[in-house]
Amino acid sequence: GWSQGWGELLTLFIADASGGSGSTYWGPKIFTGGPHYVGGIVLLLAGFVVGFARRPAVWGLSIAAVLMIALSLGENLEILSRFMFEYFPLFDAFRVPETWLSMVALVLAVLAGFGRREVVRRAPDPGEDEALTETVQRFSLGMVGVAAFFMLFGSTILNFEKPNELEMLARQVAQQRPDVSLQDPQTQQFLIETIDRVKDERRDKFNADARRTFIFVLLAAGLLVAARRRKIPAFTAQAALV
């Protein structure tokens with residue numbers, strides 16, 4: 001019941017991608033107190049250093065992050081989880097798969113720190129320095145594109161409905177109002193309208209958070225490119241990012 005869903009990993013980028021917590025949460029878990037979230041700026045910096053830096057520490061942290069994300073999926077990646085539970089010493093003492101995402105957040109924050117340093121460094125060779133600037137520009141534009149895609153099309157791709165939600169709502173109504181027939185057209189209409197109303201609320205939360213993420217990523221990308229082009233001091237760009 002505490003396995004992170006594949007689609008729910010989007011909350012690392014857009015916090016309310018799965019509705020946050022409470023009645024608007026529509027992820028696969030029974031319930032949640034809130035999403036695992038690091039944000040677009042952290043992922044921008046971490047993604048850059050993972051993709052373009054050639055350092056053992058970066059590769060080690062990257063592998064650790066991928067492995068812990070895989071472990072957080074629990075029953076949604078059962079071939080790995082079952083193997084670890086049955087054969088890895090003391091692994092069965094860790095009962096909640098999504099807990100691994102707390103460590104993922106830490107690792108991504110450290111990688112973002114590496115990324116921040118890499119973005120503003122000055123290469124000794126002018127050609128290498130210009131190549132790094134072009135790489136920063138292309139990657140920043142790509143991340144802005146990803147954020148824009150979810151802002152523009154995310155609400156049409158996602159369905160905003162919890163698995164088996166209509167059936168669960170029907171069971172709740174049957175328990176609270178045993179005198180009401182679930183086959184009654186009015187009851188059916190009530191159930192559908194309730195689900196639609198909650199889905200609209202979830203969609204609004206997602207759209208608002210997707211817009212916020214896009215703005216943050218756009219501003220961060222602009223700061224990085226401006227710093228690389230020496231339009232603003234590197235210290236100013238880093239302070240603004242923080």
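At what angle do helix α2 and helix α4 pack, and how far apart are their axes?

Modeller: This is a predicted model. Two packed helices are described by the angle between their axes and the distance between the axes. Helix α2 covers residues 56-72, and helix α4 covers residues 100-120. They pack at about 155°, with axes 9 Å apart. Angles over 145 degrees count as roughly antiparallel, so α2 is roughly antiparallel to α4. The crossing of these two helices is left-handed.

Now the residues. On the α2 side, the contact is made by A57, V58, L61, S62, A65, M68, I69, L71 and S72. On the α4 side, they meet W100, L101, M103, V104, V107, V110, L111 and F114. By class, this contact of α2 with α4 has 15 nonpolar residues, 2 polar ones and no charged ones. Among the α2 residues listed are S62 and S72, and Ser counts as polar.

Helix α7 (residues 185-228) packs with helix α8 (residues 234-241) at an angle of about 165°. Their axes lie 9 Å apart. That angle makes α7 roughly antiparallel to α8. The crossing of α7 and α8 is left-handed. From α7, the contact takes A220, L223, L224 and A227. From α8, it takes A234, A237, A240 and L241.

Terms used
Residues numbered from 1 in each chain as written. Predicted model: local features only at pLDDT ≥ 70, side-chain atom pairs only at ≥ 80, totals over all residues. Heavy atoms only, no water. Axes fitted to C-alpha atoms, helices over the stretch in contact; angles between N-to-C directions. Helix = DSSP H or I, 4+ residues; strand = E, 2+ residues; numbered from the N terminus. Parallel < 35°, antiparallel > 145°, perpendicular 65-115°, else oblique. Left-handed = near helix turned anticlockwise from the far one by under 90°. Contact = heavy atoms within 4.5 Å.
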